[in-house]
Amino acid sequence: RSRGLGDVYKRQVLLVSAIITSCATFKTEKDSFALTQNTPFTIKNSYYQNWVAGVKEGGSGLNIYITIDDISEGVILKEFYFQGNIFEVKSSKNSVFVGYYKNETDKDFIMDSNSTKETANIPPTRFPFKLENNEAVLSYEYHNKMYYYKISNIEEKQIIAYPSRNPNNKL
């Protein structure tokens, strides 16, 4: 039995619609990380500092600091995108906001011939920005919409080496 032209036409329309929809979805996802030029706050200064613990199990990481002035009511600072990592913004004292990142070099990955066991591995998060080593993106919410702002020329301060024990601890 032969198919009518109507059936062929319907299938072609369905295929073209699926392709257009998938392209539109991709475009929306990419555009959702578009950088903004104007912010409802002013960044006075920014710097980052690597740190290392004094004990092997303590690990290492980095902290990023930004000082913000004139922050509009309703602004919620969300995340830093910095040096290939994404981490939460925490408020500190006064108008200083900090992001704390601990290196996770000891992640255990499940390697097994049973693919069901390997599905327990958490896939890596795709980093959405191409940044230099001294650049970060700050995400924030304002009027229920997400924005992304690039911070350039972030100063690197000297590494912090925490002591292996409390200096007040007497032997």
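User: Let's start with Asn85: does it count as buried or exposed, and how do I read its relative accessibility?

Analyst: Buried means under 20% relative accessible area. Asn85 has 18% relative accessibility, so it counts as buried. Keep in mind that this is a predicted model.

User: What does the side chain of Asn85 make a polar contact with?

Analyst: Here you want pairs of N or O atoms within 3.5 Å. The side chain of Asn85 makes such a contact with the side chain of Tyr101, at 3.0 Å.

User: Let's zoom out. How many helices and strands does the protein have, and how do the elements run?

Analyst: Count first, then read the order. There are two helices and eight strands. Starting at the N terminus, the order is α-β-β-β-β-β-α-β-β-β.

User: What share of the residues counts as buried, and what share of the contacts joins residues 24 or more positions apart?

Analyst: Take burial first: 23% of the 171 residues count as buried, and Asn85 is a buried residue too. For contacts, look at those with a sequence separation of 6 or more: 60% of them are between residues 24 or more positions apart. As for the surface, the accessible area is about 13,100 Å², and carbon and sulfur atoms hold 50% of that.

User: How many salt bridges does the structure hold?

Analyst: The cut-off is a side-chain nitrogen of Lys or Arg within 4 Å of a carboxyl oxygen of Asp or Glu. The structure holds four. Among them is Lys78 with Glu141, at 3.7 Å from N to O. Lys78 is in strand 3 (residues 76-82) and Glu141 in strand 6 (residues 136-142), so this pair ties together parts 63 residues apart in sequence. Lys78 counts as partly exposed, at 31% relative accessibility.

User: Which residue does Lys150 form a salt bridge with, and where do the two partners lie?

Analyst: Its partner is Glu135, with the closest N and O atoms 3.7 Å apart. Lys150 lies in strand 7 (residues 145-151), whereas Glu135 is in the loop between helix 2 (115-118) and strand 6, so the bridge links parts 15 residues apart in sequence.

User: One last case. How far apart are Ile160 and Asn50 in sequence and in space?

Analyst: Compare the two separations directly. They are 110 residues apart in sequence and 6.4 Å apart in space, C-alpha to C-alpha. Ile160 lies in strand 8 (residues 155-161). Beyond its neighbours within four places, Ile160 is in contact with Gln49, Asn50, Trp51 and Val52. Its relative accessibility is 22%, so Ile160 counts as partly exposed.

Technical notes. Residues are numbered from 1 along each chain as its sequence is written. This is a predicted model: local features need pLDDT of at least 70, side-chain atom pairs count only at pLDDT 80 or more; totals for chains, interfaces and linings use all residues. Side-chain values use heavy atoms; hydrogens and water are left out. Helices (H or I, at least four residues) and strands (E, at least two) are DSSP runs, numbered from the N terminus. Buried means under 20% relative accessible area, exposed over 50%, partly exposed in between (1.4 Å probe, protein chains only). Contact means heavy atoms within 4.5 Å. Accessible areas come from the Shrake-Rupley method with a 1.4 Å probe; for residues, only the protein chains shown count as cover. A polar contact is a pair of N or O atoms within 3.5 Å; within protein, one must be able to donate a hydrogen and the other to accept it, and residues adjacent in sequence count only if both atoms are side-chain atoms.
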